Amino acid sequence: CKRPASNSENDNSLYYVAKPDFFQSKRFDPVASGASSFDTAVGIGLAACRLFEEKGTDYFNGKELFDSFVNTEFDGATGRIQIDPKTTSRSVQSAFFVLYNSIGVLDKTGESISIELELASHTTAVADSESSEMAWVNFPGKAYRYADGSTEPPLTIPPKIGENLNQISLGQRIAVYIMMALIFIFSIGFMVWTYWNRKTPIVRGSQPFFLYMICIGTFIMGSAIIPISIDDGIASVEGCDIACMFSPWLVTYGFVIAFSALFSKTWRINQIFHH
């Protein structure tokens, strides 16, 4: 843009003026940086032209040019150019991607490898809406090379083979629940029997209080079957974690209660016979 005729003394802006033969003397890669540079220059030019038409003057500042560029949309060398107002960058729907082949080449000694990049394909899309589809287009005479050096895509991954998670089957769960029910029935039954016969000589000699403790301990240990039988087939991961942490407490507390009663009964008998 040329320096405005008026206000030139108070204007501290920087101006860049291209030489007449700039585009003839410069040669860019038509795909990589050159196409993007070309689209950038065209976009800035179109934004400036819009400002000239809207303001009716050939003078504008940087912010005005930037705002005009964000609202500019045109067909460029890399496809449809759209700017996202939120990010002030090119929208994803109209983005231009290039795919390179990374080829390793041995030197004459065969000891070192140099990497060469070869253009293979690029994207193309008509980004007139957010639902526009993007496709890959190969360059003439080029194709994507796979790890084996060929241009043929490898075989697809074989179908997923069924895996055995070793989950508890329904039959096993029913079986352990039946055994747990038997433990509950016998524990409660023996507690009732002990209470009913608590005044008989044999039961009184066996100390009913300790017999109650043994029944309670076995009942608690038997209830540990419930969390042990829970797996990810019937519960979430969080539920399995809770069950996994809960079962040792039931087994431990039940064993301590039952064994402490047996130990106390044995210790009491020992004290009676030795004292």
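**Close-up views**

**View 1. Ser91 is placed in the loop between strand S4 (89-90) and strand S5 (98-106).** Helices and strands are DSSP runs (helices: H or I, at least four residues; strands: E, at least two), numbered from the N terminus. The model is a predicted one, in which local features need pLDDT of at least 70 and side-chain atom pairs count only at pLDDT 80 or more, while totals for chains, interfaces and linings use all residues. Residues are numbered from 1 along each chain as its sequence is written, and side-chain values use heavy atoms, with hydrogens and water left out. Ser91 has a relative accessible area of 9%, so this residue is buried (buried is under 20%, exposed over 50%, partly exposed in between, with a 1.4 Å probe and protein chains only). Setting aside neighbours within four places in sequence, Ser91 contacts Gln82, Ile83 and Asp84; contact means heavy atoms within 4.5 Å.

**View 2. Ser68 and Thr57: a helix residue and a loop residue.** Ser68 belongs to helix H3 (residues 62-70). Ser68 counts as buried because its relative accessibility is 6%. Residues up to four places away in sequence not being counted, Ser68 touches Ala47, Arg50 and Leu51. Thr57 sits in the loop between helix H2 (33-55) and H3. With 32% relative accessibility, Thr57 is partly exposed. On the same terms of counting, Thr57 touches Leu51 and Phe52, residues up to four places away being left out.

**View 3. Helix H4 (residues 170-196) beside helix H6 (residues 208-223).** Their axes come within 9 Å and cross at roughly 165 degrees. Axes are lines fitted to C-alpha atoms, for helices over the stretch in contact, and angles run from 0 to 180 degrees between N-to-C directions. H4 is therefore roughly antiparallel to H6 (angles over 145 degrees are roughly antiparallel, under 35 roughly parallel, 65 to 115 roughly perpendicular, the rest oblique). The crossing of H4 past H6 is left-handed, that is, the near helix is turned anticlockwise from the far one by less than a right angle; clockwise would be right-handed. The contact includes Phe184, Ile188 and Met191 in H4, and Leu211, Cys215 and Phe219 in H6. Its residues divide into 13 nonpolar, five polar and no charged. Ala, Val, Leu, Ile, Met, Phe, Trp, Tyr, Cys and Pro count as nonpolar, Asp, Glu, Lys and Arg as charged, and the others, Gly among them, as polar.

**View 4. H6 beside helix H8 (residues 237-274).** The axes lie 7 Å apart, and the packing angle is about 160 degrees. H6 and H8 are therefore roughly antiparallel. H6 passes H8 in a left-handed crossing. Among the residues that meet are Phe210, Ile214 and Gly217 in H6, and Leu250, Gly254 and Lys265 in H8. By class, this contact has 12 nonpolar, six polar and one charged residues.

**View 5. Aromatic pairs, of which the whole structure has five.** Rings of Phe, Tyr and Trp (its six-membered ring) pair if their centres lie within 6.5 Å; planes under 30 degrees apart are stacked, over 60 edge-to-face, and the rest tilted. The pair Phe186 and Phe190 is stacked, because the centres are 6.1 Å apart and the planes stand at 25 degrees. Phe186 and Phe190 are four residues apart in helix H4, so about one helical turn separates them. Phe190 is partly exposed at 47% relative accessibility. Phe209 and Phe210 form an edge-to-face pair, with 5.8 Å from centre to centre and 70 degrees between the planes. Phe209 is exposed at 57%, whereas Phe210 is buried at 16%.
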